[in-house]
Amino acid sequence: MKKLKGLRDRAYHVMFHTHTVAGIVISFALFVIFYAGAFSLFKHELAQWENQTLRQGYQEDFPIEKGLRKVDSLYAIDRDQQLFIKLPTELNPLITISGTSQKTTADSTGNDFFQVHIGPSLEVIHKDDSQTTVGTTLYHLHYFRQLGLAGQFISGLIGLFFLFAIISGVLIHWTKLLTRFYAFIKEGAWKTIWTNAHTVLGILGLPFQIMYAVTGAFFGIVAIAFLPYLIFGDFDLNEAEKEISIYKKIQLDENASDYEHLDIGTLYQKVKEAYPSFTVKSVVMNHYGKEDAIANWYIEDYKGVSSRGTIAMYMKDGIILDEYTVFPYEKSYIQHVYNYSHALHFGTFGGYLIRVLFFILSLLTCFMIISGVMIWRTARDNKKYTLKQRRFHHNVTKWYLAICLSMFPAFAILFVANKLVPMAMTNRIDMVNSIFFLSWLGLTIYGIFPSNYSKQNRNYLVIGGLLSLLVPITNGALTGDWIWVAWTPYPWVAYVDIFWLTTGILSLYASFFLLKVKDTSDIPVELVNVHRTAKVIEPEETRVLKPQVR
């Protein structure tokens, strides 16, 4: 097969080393982003599995106005602040109302901000705390939100480094893309196996990885979207934010008097009649209960990457306000950038097929990241490096693999803990998250003790496989919704259990299969750091003999 033309020698070596450095610096953080992000694609589906109160009948014509008045009696809604209502869906039949309280009442928590979840029969399910954590925890983890805004910014920088690593990787492997694609073999030197696997998976997932590198950087460092304004014209951050969140442009009269506006349910029906093919997801109200009150309805048809829209109307008469309305598929540049990025990043177009495909590609990307680390390690396992250097490379690899591979059993622990910790427990989310992060830390430390990588991997497969089997067992035992019971009324509850059951069986099978395979990638015994005070002895062929002085 004819080879393609590549870079010149100097350019190749510069690009190769920068690709290696960029990849090894971000590898474990990138693995966390993709692994947690894969599960985050099904955040809303996971909510029904983790919270049994969501397993009830969906009522399409929910009495929104009655629910709103009930919340107002509990919290005395501050009319000068925004009021947010998330409408019920088949996955989440509860209506969620959040806003700011004007004064503290006897039934409130004493906080200014409130969030209330109301069931189809207008019963208050719970207040201020959704009591669910699995989907939210993994969603926040995939952009390091646990570290605050700094974590989100770090995730954006990692996206930029990842984009550079992709481009440099294509340039250095350009001449061998086709040959390595057809040479994805199971035999030969480990460096060859890891390199071929890394290249093949990189080719298969190239568009997907570029898309996530760009959109991940966008959401981590939103200023990227404003670059055209910075380069070609005057830039005003407040105006740019108004372009994205159109309701920030709304001008309200601070002296507006109280007014008995139309029923919010009536306005909801008006929007549904005007856009019958769209789903009304939520509404944000400004000056609720005032004469100039405006409702901003968020609609989406889930068919295209720019299918989201905002319909603004006066609540006193239901007249649509064109100046504050963003019709689906008719947006400005910055609105298109935001909507395209959101749809591509979260797979909200094309139905479940797209999200399943993104899930699989995310896991393949995780394997590509691991193979890159192994290429880095095997390339340095030769005699041009001293034993001290080789031992350092070995230990770094063990830590990287321990951090990454321990996520599998730690995720299973998170699912199990979500069932074992009672819903009524105070600070329940903090407890479940503490169990998850501490178990991940403990499993990471445990993973550095095996001296070879196959044993390390096998241990995580066994532990993760056993814990995976516990997920459907725990759910069925504590809720009664076993797979065969939940299959018809709550299919996503059954799907989650089937996923973990299948994962557990495959993991245990793979672990016992690996037990029978002779590990040819074992580390030479002299690299194993048996004791930190042990003296490093150089191999005979690399030792320099000094002349004896009489």
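Let's start with Glu300. This residue is buried, with a relative accessible area of 3%. Keep in mind that the model is predicted.

Who pairs with Glu300? One partner is Lys281, through a salt bridge whose closest N and O atoms are 3.2 Å apart. Lys281 sits in strand β5, residues 279-286. Glu300 sits in strand β6, residues 294-300. So the pair ties together parts that are 19 residues apart in sequence. And Lys281 itself? Partly exposed, at 31% relative accessible area.

Glu300 also meets Arg308. Their side chains form a salt bridge, 3.8 Å from N to O. Arg308 counts as partly exposed, because its relative accessibility is 22% and buried means under 20%.

Now to another pair. Glu45 forms a salt bridge with Arg355, and the closest N and O atoms are 3.1 Å apart. Where do the two residues lie? Glu45 is in helix α2, residues 43-50, and Arg355 is in helix α13, residues 351-379. So this bridge ties together parts that are 310 residues apart in sequence.

Buried or exposed? Glu45 is buried, at 3% relative accessibility. Arg355 also counts as buried, at 14%.

How many salt bridges does a search of the whole structure find? It finds 5. Among them are Glu45 with Arg355, Lys281 with Glu300, and Glu300 with Arg308.

Note on methods: Residues are numbered from 1 along each chain as its sequence is written. This is a predicted model: local features need pLDDT of at least 70, side-chain atom pairs count only at pLDDT 80 or more; totals for chains, interfaces and linings use all residues. Side-chain values use heavy atoms; hydrogens and water are left out. A salt bridge is a side-chain nitrogen of Lys or Arg within 4 Å of a carboxyl oxygen of Asp or Glu. Helices (H or I, at least four residues) and strands (E, at least two) are DSSP runs, numbered from the N terminus. Buried means under 20% relative accessible area, exposed over 50%, partly exposed in between (1.4 Å probe, protein chains only).
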